[in-house]
Amino acid sequence: MTEIDAKIDALVPAWLHLPDIAEMLDVEVTRVRQLVKEGQLIAVRRGENRALQVPAAFIDGDKVVKGLAGTLTLLRDDGFTDEEMLEWLFTSDPTLPGTPAQALSENRGTEVKRRAQALAV
């Protein structure tokens with residue numbers, strides 16, 4: 001969990017509070033906190049009350065976007081911080097096209113993971 005800077009905050013189009021995610025996933029808030037702790041989601045403190053929030057693009061209906069956890073693990077293994085991961089996931093790449101976060105939500109996770117692995121080289 002990290003504080004977020006204005007540049008990265010502007011890249012992410014929408015955010016969800018942990019209780020909202022818990023309701024969407026039909027789990028307790030403690031389970032959402034566990035997903036963050038395990039590195040399957042990124043949560044940052046933002047807003048006036050510095051509440052923990054997760055990018056809305058990480059949730060697909062009643063589940064975490066397929067391929068997100070694996071992608072986060074690859075990026076973390078490459079030494080990325082939470083902020084750097086958010087910047088990479090939400091920065092448009094014309095060769096993709098779109099952002100890696102969009103590609104994950106469109107079930108193009110294999111290409112996103114391939115690109116994440118290539119960052120380590």
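Reply: Helices here are DSSP runs of H or I with at least four residues, strands are DSSP runs of E with at least two, and each kind is numbered from the N terminus. Residue numbers start from 1 along each chain as its sequence is written, and side-chain values use heavy atoms, with hydrogens and water left out. The model is predicted: local features need pLDDT of at least 70, side-chain atom pairs need pLDDT 80 or more, and totals for chains, interfaces and linings use all residues.

The helix to look at is H4, residues 68–77. Start with its partner H7, residues 109–118. The two axes lie 9 Å apart, at an angle of about 5 degrees. Axes are lines fitted to C-alpha atoms, for helices over the stretch in contact, and angles run from 0 to 180 degrees between N-to-C directions. H4 is therefore roughly parallel to H7. The class limits are under 35 degrees for roughly parallel, over 145 for roughly antiparallel, 65 to 115 for roughly perpendicular, and oblique for the rest.

H4 brings Gly 70, Thr 71, Leu 74 and Leu 75 to this contact (heavy atoms within 4.5 Å). H7 answers with Val 112, Lys 113, Ala 116 and Gln 117. By class, that gives four nonpolar, three polar and one charged residues. Here Ala, Val, Leu, Ile, Met, Phe, Trp, Tyr, Cys and Pro count as nonpolar, Asp, Glu, Lys and Arg as charged, and the others, Gly among them, as polar.

Beyond residues up to four places away in sequence, Gly 67 touches Leu 104 and Lys 113. Lys 113 is also one of the H7 residues that meet H4. Gly 67 and Lys 113 are 46 residues apart in sequence, yet their C-alpha atoms are 8.0 Å apart.

The other partner to follow is H5, residues 82–89. Its axis comes within 10 Å of the H4 axis, and the two cross at roughly 125 degrees. This pair is therefore oblique. On the H4 side, Leu 68, Thr 71, Leu 72, Leu 75 and Arg 76 make the contact. On the H5 side, the residues are Asp 82, Met 85, Trp 88 and Leu 89. Together they divide into six nonpolar, one polar and two charged.

H5 itself is largely enclosed by the rest of the structure, because six of its eight residues are buried. Buried means under 20% relative accessible area, exposed over 50%, and partly exposed in between (1.4 Å probe, protein chains only). The buried residues are Asp 82, Glu 83, Met 85, Leu 86, Trp 88 and Leu 89.

Past H5 comes the loop to helix H6 (100–105), where Thr 99 is found. Pro 97 lies in this loop too. The peptide bond from Leu 96 to Pro 97 is cis, with omega near -20 degrees. Thr 99 counts as buried, at 11% relative accessibility. Leaving out residues up to four places away in sequence, Thr 99 touches Leu 89, Phe 90, Thr 91 and Ser 92.

For context, turn to strand S4, residues 51–55. Five of its five residues are buried. Ala 51, Gln 53 and Pro 55 cover one side, while Leu 52 and Val 54 lie on the other. S4 runs antiparallel to S2 (residues 15–17), joined by three bridges. Strands pair if DSSP finds at least two bridges between them. Trp 15 has Pro 55 as its bridge partner. S3 (residues 44–46) is also antiparallel to S4, again with three bridges, and Val 44 stands opposite Gln 53.

The S3–S4 hairpin has four residues between its strands, and Gly 47 takes a positive phi near 85 degrees there. Arg 50, in the loop between S3 and S4, has a positive phi of about 55 degrees without being a glycine. Arg 50 is partly exposed, at 34%. Asp 26, between H2 (18–25) and H3 (29–37), is another non-glycine with positive phi, near 60 degrees. Asp 26 is exposed, with a relative accessible area of 71%.
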